[in-house]
Amino acid sequence: MIGKFIRGERQDVETSCKFTLTIESNDIKAMLEFDPDHTAQISGTVTCPALSSSPLTVSEGCFQLFSPAKNDKPDSPSKQMLYKMTLWDVYGPGVNFGDEDAAPRQRRALKLRGCTPIVYECVTKDEFQILLTRYEGGPKGPVVMFHGASVSSEIFRLDSIDANLVEYLVQYGYDVWLVDWRTSCNLPKMVEKNYTLDDCAAYDYPAAIDKVLDVTNKKTVQVVAHCAGSLVLFASLLSGALEGKVRSIVASQVAANPIPAPFNAYKSSLRLPGIAHAIGIHGLTVNTDAHALFFGRMFNGLSRAVVNHLVLPYSERCESPVCHRVTFIFGLLWEHKNLTELTHNTLHQFFGHVTTLVNAQLALTMRWQKLVSASGEDIYLPESDKELKSPVYKEHINRLNLPIRFIVGEKNSCYLPKSTLTTLNLVKEAHPHQNYSRVVIPDYGHLDCIYGKEAAVDVFPHILEALDQYAES
Ligand SMILES: [Zn+2]
């Protein structure tokens, strides 16, 4: 199907619009005779250069044939074909945050070896809608990837570096699945609803992995998880919610033992997120611009003063208010020299909101230096002080009897590198013969391990090597 598309604000400009769709019906008679209760399913792509330089992927599309036209009389002979579709650009679900004055930026096309991303909506058992984006790059099996807090799955597919992790794994033949779980700043409901990381572990991760297993018809997946996404992965595993479904793990920066860097340790001791929640502050955003309101400008000034004069060495100071806010809330997340200028200048496009409840639980786990519930219950690694002598601890730690590669930046200023070493020692003690390994990346910090300009050379091969040991082909 090919037609023309006219942009509302540019009535004089036409552009082509081409639909390439597959319609699937499980009741062809009902479709041809128009049963109002019957809809066929649509999949495929829409190519419209005015909207995106790459084909847009259809998600949750439905189709009705010979539907009565809306304003026609019941006996009117005219009928219509109804198409209802959600379209995603090649980067998957995305919202532009932050600086409204910033000029629109044409993103480069992703290098996906011809595979078209498919977006799946997925509703968890507690009725929160999360999103999965699939990049079916080859036969090595599904790899499910979970982002950290205040960001989205976008961190794995930035176009501001030459090769991002999605492109890299697609190139090596993996079926890559990005999950926007409920802390994703791409999900509009993430701000509105109250939830804890325990909810994410209990509902989002099982739902996402079940969806992947269902669509791919596989028995197990491999998982790559970063920062809070890794914390929640370990919470989900330790609680038994993913039993038998995860074949191997790559855990980036932190696992079950978050040991904070000094600035984060100091902030967590102040219990500020808990106080903020108690007085009705629902969250913080790192996004800001020149038109920030009074309190926004106050926060910008505070962030800049604290991070540039009290926290950061001279070599890491910069003039980006978004970067100041990120550092103020989470600690320095990168070595600046490892980022491209474009990545640093577009932080507002892939950072967003973090709720006070999530922030409070992150601070709580930092004070405990291990995973605990939002209410401070020791439910994930109970009785860890008694080690393997405790049957309940043994039961929980046995759920981590699977291959795990820990990856951490040597200069991580969010969680200290010994965070992953602590979890490594726990799992090794419990399962001395399991395939555990830990790689420290020299001269890297935290998120630059995921989207540093040389991450494809310095970091991704360590992820690939771990995944390849348990690939399907
Ligand atoms: Zn900066």
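Colleague: Which residues in α8 are buried?

Modeller: In this predicted model, they are Pro321, Val322, Cys323, His324, Arg325, Val326, Thr327, Phe328, Ile329 and Phe330. To be called buried, a residue needs 20 or more other C-beta atoms within 10 Å of its own.

Colleague: What is the largest nonpolar core, and which residues touch the most other members?

Modeller: That core has 119 residues, and Val144, Met145, Val176, Val179 and Ala208 touch the most other members.

Colleague: Which residues is Val179 in contact with, leaving aside neighbours within four places in sequence?

Modeller: Val179 is in contact with Ile130, Leu132, Val144, Met145, Phe146, Ser153 and Ala208. Contact here requires C-beta atoms within 7 Å, so each of these residues meets that cut-off with Val179.

Colleague: Why are β6 and β15 said to stand at the edges?

Modeller: Start with the order of the eight strands in this open, mixed sheet: β6-β7-β9-β8-β10-β11-β14-β15. β6 (118–123) and β15 (436–441) each have a single partner strand, so one side of each is left without a neighbour in the sheet. From one strand to the next, the twist averages 20°.

Colleague: How do you know that β11 and β14 are paired?

Modeller: Pairing needs at least two bridges, and four join β11 (residues 246–252) to β14 (residues 404–409). These two strands run parallel, and Ser252 stands opposite Ile407 in β14.

Colleague: Which helix packs on the sheet and touches β15?

Modeller: Helix α15 (residues 460–468) does, and it also touches β8, β10, β11 and β14. The direction of α15 makes about 165° with that of β11.

Colleague: Where does pLDDT stay under 50?

Modeller: Over residues 92–98, for which the model has 26 contacts beyond four places in sequence. Where pLDDT is low, predicted coordinates should not be read in detail. The mean pLDDT of the protein chain is 87, and 89% of its residues reach 70 or more.

Notes. Residues are numbered from 1 along each chain as its sequence is written. This is a predicted model: local features need pLDDT of at least 70, side-chain atom pairs count only at pLDDT 80 or more; totals for chains, interfaces and linings use all residues. A nonpolar core is a set of buried Ala, Val, Leu, Ile, Met, Phe, Trp, Tyr and Cys residues joined through C-beta atoms within 7 Å. A residue is buried if 20 or more other C-beta atoms lie within 10 Å of its own, exposed if 12 or fewer, and partly exposed in between; C-beta atoms are placed from the backbone. Two residues are in contact if their C-beta atoms, placed from the backbone, lie within 7 Å. pLDDT is the predictor's confidence in each residue, from 0 to 100. Axes are lines fitted to C-alpha atoms, for helices over the stretch in contact, and angles run from 0 to 180 degrees between N-to-C directions.
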